Amino acid sequence: MSLEPRDELDNRAWMDERDLSPIEEGYLYGLMYLDKRLRIVDYLELMEDMYYKINLQMPKSHTEQYNLDNKFWYWYPLYSLGFFSILAYIVAAVTGGILGFYYSPSTAEHPEYAYVAYAHVAQTIMIDLNFGSFLRSLHRWSAQIMTAAVFLHMLRVYFTGAYKEPRELNWLLGIVLISLTMVFGYTGYLLPWSQLSYWAGQIGVEMALSIPLIGEWTAQLVFGGFTLGEPTIQRMYILHVFILPFVVTALIAIHVGIVWMQGIAEPH
């Protein structure tokens with residue numbers, strides 16, 4: 001956009017040459033009035049140029065490259081798995097944020113239940129909170145659906161060859177995302193601190209200890225020690241609520257941005 005003075009055009013003569021309705025004339029007069037004072041047209045041209053640059057897809061998709069109008073092989077549900085997993089992630093994030101208002105990551109003893117964390121899930125959320133059972137179920141099922149959708153999405157990408165050059169970077173990013181999805185599910189599984197959660201955490205400790213050389217260090221870092229306790233649930237809560245959502249959201253944005261620039265890779 002240039003800041004140099006522009007040549008004044010005879011806009012009135014240009015408009016008289018065309019058969020314009022009163023509404024069109026009023027719109028053009030308003031646009032010219034604002035353009036003389038705020039240079040509206042320059043900004044519109046800048047936005048138009050930005051739009052075409054953003055929507056430029058390189059390389060071309062298989063359909064565009066070979067001008068395939070009859071996409072008989074294009075099974076649309078398989079190409080919606082990525083969007084479906086993002087939608088499930090949004091639902092899980094919203095419901096999880098609401099559940100966070102009624103949950104306490106504590107292993108302190110509770111008079112009616114074994115632990116405070118379990119009491120908040122079993123009593124406060126599931127019984128005392130209006131629609132609490134529905135909210136927790138929606139959070140749990142959306143997380144499970146997201147995991148399944150991400151897994152099927154990776155299979156679709158693999159079997160259609162969409163991981164090949166020049167999309168190999170996005171394939172590696174997808175592997176990171178599916179790994180973080182597993183971590184998301186595991187940390188959330190431990191938060192209710194039920195019997196299932198406890199023994200799932202114990203299995204995690206044993207797996208960490210089995211790592212050569214750095215096993216003990218990993219167990220202390222991730223689980224807060226060699227046995228489960230208050231440090232364990234606090235670490236799971238911090239990972240599940242304060243670290244993973246921001247990391248995963250940023251990586252999803254980059255992942256979708258790369259797909260937007262490169263276009264969808266149809267089967268070759």
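Is Tyr163 buried, partly exposed or exposed? Tyr163 is partly exposed, at a relative accessible area of 26%. On this scale, buried is under 20% relative accessible area, exposed is over 50%, and partly exposed is in between, using a 1.4 Å probe and protein chains only.

A word on the ground rules. This is a predicted model, where local features need pLDDT of at least 70, side-chain atom pairs count only at pLDDT 80 or more, and totals for chains, interfaces and linings use all residues. Residues are numbered from 1 along each chain as its sequence is written, and side-chain values use heavy atoms, with hydrogens and water left out.

**Aromatic rings**

The structure has 10 aromatic pairs. To pair, rings of Phe, Tyr and Trp (its six-membered ring) must have centres within 6.5 Å; planes under 30 degrees apart are stacked, over 60 edge-to-face, and the rest tilted. Here are two of those pairs:

| Pair | Centre to centre | Angle between planes | Type |
|---|---|---|---|
| Tyr163 and Trp171 | 5.6 Å | 50° | tilted |
| Trp193 and Tyr198 | 6.2 Å | 85° | edge-to-face |

Tyr163 and Trp171 also belong to one aromatic cluster, together with Tyr158 and Phe159.

**Charges**

Some rings have a charge sitting over them, meaning NZ of Lys or CZ of Arg is within 6 Å of the ring centre and within 35 degrees of the ring normal. Arg37 puts its charged end over the ring of Tyr33, 3.6 Å from the centre. Arg156 does likewise with Tyr79, at 4.3 Å from the ring centre.

Side chains of opposite charge can pair when their charged atoms come close. Count salt bridges (a side-chain nitrogen of Lys or Arg within 4 Å of a carboxyl oxygen of Asp or Glu) and you get 1. Arg39 makes a salt bridge with Asp42, with the closest N and O atoms 2.7 Å apart. Asp42 is buried, with 11% relative accessible area.

**Leu129**

Now for a loop residue: Leu129 lies between α6 (116-128) and α7 (132-159). Helices here are DSSP runs (H or I, at least four residues), numbered from the N terminus. Leu129 is buried, at 18% relative accessibility. Leaving out residues up to four places away in sequence, Leu129 touches Tyr102 and Thr124, where contact means heavy atoms within 4.5 Å. Leu99 is 30 residues from Leu129 in sequence, and their C-alpha atoms are 9.9 Å apart.

Notes: Helix = DSSP H or I, 4+ residues; strand = E, 2+ residues; numbered from the N terminus.
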